[in-house]
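Here is a briefing on one protein model. Please look over the sequence and the structure first, then read the points by topic.

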Amino acid sequence: MWLFQPALALSLDCPSARGTTSIRTKRKRMGNCPSAGNGIALGNNSSRDAVTEVKATMKKIISQNIAPGVSYGIVDSALSSSHSNSILFSDTVGFTDAVVPSSLSSPTDTTICDDGENEKSKSATTTDTLFMAYSITKTITSILVLQLAQRNLLHLDDSVSQHLPSGLLQQLPSRHYLNTHGTEITIRMLLNHTSGVPNPLPLDWFFVADDRHAGSEGTGAEDDSCHSHSLLNLNEKRQEAFYNVMQHSPNLQFTPGSDHLYSNVGYWLLEKVIEHVSSGKSYEDVYYKQIALPLGLGSSKENDNDGCCPTKIAFEIPSGARYNHHGTNSEKEQQKVGMDAVVLARGHSPRFSLKTFIFYLLTPKKYWSPLNTYRWSGFRHLIPHGLGYGGMYASVQGLLVILNDLLTGMRTDVMLSADHPANENDAIDRECGVLLSLESKKQMFGLFDGDDSDDDTTPLGWSKGTISIGDEKEHYLAKPGGGLGFHGNIRIYPRLGIATVFLCNGTCVSAEPINAWSDRLDVPFLVEKKARLQLQREG
C-alpha cells in the first residue's frame with residue numbers, strides 16, 4: 001500500500017532487484033517430486049532442482065529477518081484449465097505469529113520464542129493462511145471496474161464525477177478537485193495513476209481489531225474502532241475516514257492526464273464508483289458476487305466454521321478467524337478449533353532495526369502489540385480504512401485461483417509476440433476464463449511488443465517489468481504490495497503461461513526488495529518452463 005512512498009522506502013537486507021540472482025540455464029532431467037512440507041502441492045512437471053532452490057530462498061527470507069513466515073505458489077495454465085490441476089508448486093515456511101506471551105507481568109518484558117519449548121506454541125503457516133495483501137488489492141478493484149465496463153454500466157473514459165454519488169460531491173468543499181476538475185478526471189486515469197489525485201501518507205489509515213477471538217493483547221481494553229462493533233458502525237467510520245482524507249487533500253498534483261503519480265486515494269475513489277454503479281451494494285458484496293462466487297472462493301459471507309469452505313480471500317476479518325497467538329496454537333487447540341478454520345497471520349517488523357524504530361515513531365502506538373520477542377515486534381490486527389486501495393486479506397491459494405483465471409487465453413490471444421510464435425505443439429487454451437473477456441484483459445494488461453520500448457497501452461492496476469534469464473529477458477506483469485506488518489507480490493508471465501504469488505508477514509514499503517525476492521523465487525521455475533517450451537518447439 002505504501003510502495004510509492006520514497007521517504008519510507010527503507011532498504012532491507014535483500015538482494016538488489018537485478019543482477020544478483022544466480023540463474024542456471026541447464027538443469028537435470030525433469031521428473032516428479034513427492035509431496036513434502038506443510039501444505040505443499042507439486043505439479044507433475046516440477047523438478048527437485050527447482051523445488052530445492054525455491055525452498056532455500058523461502059528459508060533465507062526467514063533467516064534474514066525479512067518475515068517470520070512466507071507462503072509461495074505458482075500456477076501453469078498449460079497443465080489444466082482447472083485451478084486444482086494447474087498448480088505447479090505451493091508451499092510455506094515459518095509461522096503465522098512469532099510473538100509468544102511472556103510469563104512476566106510487564107508488557108515491556110520479552111521472551112525468546114525462536115527455539116526450545118516456545119517453538120511448540122507457534123503455528124506454522126499454510127497456503128490457506130490469510131495475509132494482509134495491501135496494494136495487491138488494486139488488481140481486484142481493476143477487475144471489478146472492467147467488469148462494469150463489460151456490462152456497459154460505465155466506460156473507462158467516463159469522468160469520475162459521472163459515477164460518484166451526488167451527495168458525496170456536495171459534502172466536499174466547492175474548491176475540492178472533484179468539484180472543480182471532476183469532469184476532467186476519467187476512470188482510466190484513476191486506474192493507471194495519471195489523474196493527479198493526491199496521495200497523502202497512509203500512516204494512520206487503520207482501525208484496530210480487538211482480537212476478541214484470541215483474548216486481549218496486554219491492556220485488556222477494547223479500541224473504540226474495533227471489529228467487534230457492528231458492520232454498520234464500521235462502515236460509518238470508514239465513511240468518516242474517507243471524507244477526512246478528501247477534505248485534507250483538496251488540490252490536484254497536476255493537470256489530469258499530464259503526468260503519473262501513484263495514488264491510493266485514486267483507488268479509494270474507484271471503490272466509491274464501484275459501489276455507486278452497482279446500485280449501492282458494498283465493495284465486498286460486489287467482489288463476492290462478481291469474483292468469489294464464479295471462482296468458487298470461500299468468503300466471509302459464508303459460514304467460516306462449517307469445515308468445508310474456509311475463506312481464501314476476505315475484505316473484513318472473518319468471523320471464524322483464528323489469530324494463532326499467545327500460546328493458543330498447540331496441536332490440541334488446533335484440533336479443537338478445527339483445521340478448516342480461517343487463519344489470519346499477524347504482522348511483524350524486525351525488532352532491532354532502523355526501519356522499525358522509524359515506523360514506531362510515525363504511526364499510532366495502538367497499532368503495535370505490547371508483546372515482542374528478541375527478533376520481532378508484532379502489530380495488532382489492523383483493518384484498513386478503505387477497501388479498494390488495500391483492504392484485502394488473501395491467501396496464496398485464493399490468489400492462485402484468480403491468477404489462473406486471468407491467465408486463461410492470454411498466451412497467444414493477448415500477449416504472445418511475433419518472436420515467440422505458437423505452433424502445433426504448444427498447449428493452448430483459447431478460452432478467456434470467467435472473470436474478464438479477452439478485450440478487457442488487453443485493456444488491463446496492455447500489449448507486450450517483445451522489445452524494451454515503451455508500449456502504447458498502460459496497464460490498469462498492474463505494472464510491467466522484465467527479468468533476465470540467461471541472455472534473454474522475460475516480460476511480466478506485477479503488483480507488489482506492502483505496509484505495516486506484511487508484504488507480497490503477484491506476477492503473470494504471459495509468454496510462459498504461468499503466474500506466481502508470494503506473501504509474507506514482515507514489514508516492507510519498497511517495491512525494489514519485494515521484486516528482488518520475487519525474482520529469486522520465480523527464476524527456478526521460469527528456467528524450467530522456458531526449457532520445456534523450447535523442447536516442444538524443437539519436437
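Angles under 35 degrees count as roughly parallel, over 145 as roughly antiparallel, 65 to 115 as roughly perpendicular and the rest as oblique. Helices (H or I, at least four residues) and strands (E, at least two) are DSSP runs, numbered from the N terminus. The model is predicted: local features need pLDDT of at least 70, side-chain atom pairs count only at pLDDT 80 or more, and totals for chains, interfaces and linings use all residues. Residues are numbered from 1 along each chain as its sequence is written, and side-chain values use heavy atoms, with hydrogens and water left out.

- Two packed helices are described by the angle between their axes and the distance between the axes.
- Axes are lines fitted to C-alpha atoms, for helices over the stretch in contact, and angles run from 0 to 180 degrees between N-to-C directions.
- The axes of helix 3 (residues 137–150) and helix 9 (residues 283–295) cross at roughly 70° and come within 11 Å.
- Helix 3 and helix 9 are therefore roughly perpendicular to each other.
- From helix 3, T137, I140, T141, I143, L144 and Q147 meet Y283, V286, Y287, Q290 and I291 of helix 9. Contact means heavy atoms within 4.5 Å.
- By class, this contact of helix 3 with helix 9 has 7 nonpolar residues, 4 polar ones and no charged ones. Ala, Val, Leu, Ile, Met, Phe, Trp, Tyr, Cys and Pro count as nonpolar, Asp, Glu, Lys and Arg as charged, and the others, Gly among them, as polar.

- An open sheet has 3 strands in the order 9-11-10, with antiparallel pairing. Two strands pair if DSSP finds at least two bridges between them.
- Strand 9 (348–350) and strand 10 (368–372) are the edge strands, and each pairs on one side only.
- Neighbouring strands of this sheet are turned by 30° against each other on average, direction ignored.
- Strand 10 pairs with strand 11 (residues 376–379) in the antiparallel sense over 2 bridges.
- W368 stands opposite F379 in strand 11.
- Helix 11 (residues 354–362) lies across strand 9, strand 10 and strand 11. Helix 11 runs at about 125° to strand 9.

**Salt bridges**

- Side chains of opposite charge can pair when their charged atoms come close.
- A salt bridge is a side-chain nitrogen of Lys or Arg within 4 Å of a carboxyl oxygen of Asp or Glu. By this rule the count comes to 9 salt bridges.
- D97 forms a salt bridge with R346, with the closest N and O atoms 2.8 Å apart.
- D97 lies in the loop between strand 3 (87–94) and strand 4 (131–132) and R346 in the loop between strand 8 (342–343) and strand 9, so the pair ties together parts that are 249 residues apart in sequence.
- Both D97 and R346 are buried. Buried means under 20% relative accessible area, exposed over 50%, partly exposed in between (1.4 Å probe, protein chains only).
- K530 and E474 meet through their side chains in a salt bridge (3.1 Å, N to O).
- K530 lies in helix 15 (residues 511–538) and E474 in strand 15 (residues 472–483), so this pair ties together parts that are 56 residues apart in sequence.
- Both K530 and E474 are buried.
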